[in-house]
Amino acid sequence: MRNKDVPSPKKPSEESRVNRNRREFITTAVLAGGAALLTGIPLGIYVVAPAMGKSIEKWIDFGSPDALPDDGFEMLSYEFLLKDGWQILPQRGFVWARKMPENKFRVFSSTCTHLACNVIWQPETGTFECPCHSGRFDSDGRPVAGPPARPLKELTYKVEADTFKVRMTV
Amino acid sequence: MKPPEPITTTKDGRQRFRSDETKTLALNDPFAWLKRITVAGDACAWNRFVGGVLLALVVLLFLSGAFLAFYYSPVPGAAYDSVDFTLFSAPFGSILKGVHHYAWNLLLVLAIFHLARTFVAGAYRKPRQLTWISGVAILGLLPLFIITGDLLPWDQRGYWSTQVRMSIIASIPFAGDMAVRILQGGALTGIVALTRFYVLHILFLPCLLALLLAVHFYFVARHGFAERLNGKQAADHPIAFFPRVVNRWLVLFIVTVSLIALLTYYWPSPLGDPADPTDSTYVPKPEWWVLFLNQLVAIFKGKWAVLGTAVIPGLLTLFLVGLPYLDRSPGNRPAQRKTVIVAAALLAAVMIVLSLMGYFEHFGLPRQ
């Protein structure tokens with residue numbers, strides 16, 4: 001049972017939050033809120049807006065498609081220049097590509113879907129193996145062993161004027 | 001303390017209380033200490049706003065500086081590109097840089113005015129010596145902020161101004177060369193120097209400034225304001241620091257931010273060409289606040305150079321710091337302090353004349 005004579009002084013009831021200094025409090029709150037909005041809104045936009053830039057898309061040129069093998073994947077290394085904020089720096093990496101029947105190709109990103117290590121194609125087992133946590137993907141990019149749950153990202157390609165091009169998004 | 005007694009009980013059974021004379025607010029307890037602080041009623045006199053504006057400017061400089069750092073890399077070359085990015089790619093970036101630029105200029109002008117007013121009122125005298133000395137220390141810190149901050153955009157003006165300043169410091173006998181090396185982290189104005197200036201500008205100096213401000217405010221609160229010169233007793237009934245003075249500061253902050261933002265919207269702060277250490281044609285022009293020192297350096301040449309670079313500025317600093325103890329006049333009124341007033345007026349006149357000479361030398365004579 002609650003003792004009505006000894007209430008907790010730290011928890012006043014809703015109705016008792018009336019104060020003769022209320023006007024002073026509201027004045028300060030309005031001024032402080034105004035100052036906070038006046039500086040906070042521009043500063044918030046200033047910090048957030050450049051982070052919302054749309055992702056960059058680039059077609060990377062990998063030479064003639066005839067050089068690609070049809071019995072396994074070949075590592076295709078790339079390097080392109082990318083503007084990051086105010087600095088232009090080279091982005092380096094590689095993708096895995098192979099020739100398929102009927103003049104088709106398959107290109108996989110090398111990024112493991114578990115924790116973003118680079119997967120390596122193993123010709124002996126016919127799988128992609130991730131060195132970090134022994135995740136494995138089959139030749140269709142599906143996870144077959146270890147922690148990865150999602151398939152490898154398949155990249156869009158096109159063949160133009162006998163050059164093999166892969167679309168990279170950053 | 002005996003527990004408060006309920007005065008009414010509402011329909012749903014909750015009780016209302018009256019504690020002492022005021023009713024309870026949710027935040028009363030944590031803010032009780034704040035509400036107990038009182039200051040002299042004179043704090044809200046209409047003409048006592050310069051200190052409040054200075055505080056608003058310091059807050060504004062801290063705020064704008066911290067946010068400018070979001071898009072800044074302290075690397076020669078990249079530093080310029082990052083400032084360019086702030087100005088032209090980040091929304092409000094140009095305003096933010098402009099606010100930072102105008103705020104420090106205004107801060108310096110008003111700090112000098114604050115000092116002059118305190119001097120005329122005799123408010124540096126006993127028992128307020130330490131209020132004055134902490135204020136002089138804050139004023140002395142401002143040039144360090146400017147020297148370290150000017151280099152950061154890595155543009156021609158900042159780079160070459162730094163060269164001039166470093167060679168002036170280096171010309172001080174015995175310690176000068178070593179001072180430059182310690183300041184820059186070596187003989188070069190390169191990546192090590194830029195990183196040092198950056199860290200000094202955004203970490204060490206602001207911490208020092210905050211500390212000195214705390215000391216300054218402590219002594220202002222402890223010793224209060226000096227009597228008014230017109231002999232009228234200032235309103236000395238105590239008023240609540242919160243909310244009266246806090247509200248006043250908030251109003252001053254809002255007005256200051258708005259005016260400076262408008263100023264920078266119409267006259268954006270400039271970013272020159274990227275710094276080129278191989279350029280031998282660029283001549284940096286001294287800024288308004290350093291014109292008199294520059295002129296001293298120009299007047300004393302050869303073996304007398306040390307007078308302009310070290311002795312005179314050093315004596316000036318000593319005079320400012322020691323003023324409360326040097327002044328032995330019988331009272332606070334200017335009429336009772338003729339010697340000090342005349343000495344300071346002469347000093348101020350010499351500084352103004354030197355500044356004007358420097359201005360005409362660097363920016364040309366006014367048209368006839």
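Residues are numbered from 1 along each chain as its sequence is written, while chains are lettered from A and ligands numbered from 1 in the order in which they are written. Since the model is predicted, local features need pLDDT of at least 70 and side-chain atom pairs count only at pLDDT 80 or more, whereas totals for chains, interfaces and linings use all residues.

Let's begin with chain A. Its secondary structure comes to one helix and ten strands; here helices (H or I, at least four residues) and strands (E, at least two) are DSSP runs, numbered from the N terminus. Reading from the N terminus, the order is α-β-β-β-β-β-β-β-β-β-β. Of the 170 residues in chain A, 14% are buried. A residue is called buried if 20 or more other C-beta atoms lie within 10 Å of its own, exposed if 12 or fewer, and partly exposed in between, with C-beta atoms placed from the backbone.

Now look at how some of those strands line up. Three of them make an open sheet in the order β1-β10-β9 (chain A), with antiparallel pairing; two strands pair if DSSP finds at least two bridges between them. At the edges you'll find β1 (57-61) and β9 (157-160) of chain A, each pairing on one side only. From one strand to the next, the twist averages 30°, and angles like this run from 0 to 180 degrees between N-to-C directions, with axes being lines fitted to C-alpha atoms (for helices, over the stretch in contact). β1(A) pairs with strand β10 (residues 163-169) of chain A over five bridges, in the antiparallel sense, and A:I60 has A:V166 in β10(A) as its bridge partner.

Strand β7 (residues 136-137) of chain A is joined to β8(A) by two bridges, and A:R136 has A:A145 in β8(A) as its bridge partner.

Two loop residues of chain A are worth a look for their backbone angles. A:E102 is not a glycine, yet its phi is positive, near 60°. A:E102 sits in the loop between β3 (87-100) and β4 (104-109) of chain A, and it counts as exposed because it has 4 C-beta neighbours inside 10 Å. A:S134 has a positive phi of about 60° although it isn't a glycine either. You'll find A:S134 in the loop between β6 (127-129) and β7 of chain A, where it is exposed, with 12 other C-beta atoms within 10 Å.

Over to chain B, where we'll follow the helices. α2(B) and α4(B) pack at an angle of about 155°, with their axes 9 Å apart. That is why they are roughly antiparallel to each other: angles under 35 degrees count as roughly parallel, over 145 as roughly antiparallel, 65 to 115 as roughly perpendicular and the rest as oblique.

What sits in the largest nonpolar core? Among its 43 residues, B:L57, B:L60, B:A79, B:V99, B:A103, B:L107 and B:L194 touch the most other members. A nonpolar core is a set of buried Ala, Val, Leu, Ile, Met, Phe, Trp, Tyr and Cys residues joined through C-beta atoms within 7 Å. α4(B) gives the largest share of this core, eight residues.

Finally, chain B has some cis peptide bonds. One runs from B:K126 to B:P127, with omega near 10°, and B:P127 is in the loop between α4 and α5 of chain B. Another runs from B:F242 to B:P243, with omega near 5°; B:P243 is in helix α9 of chain B.
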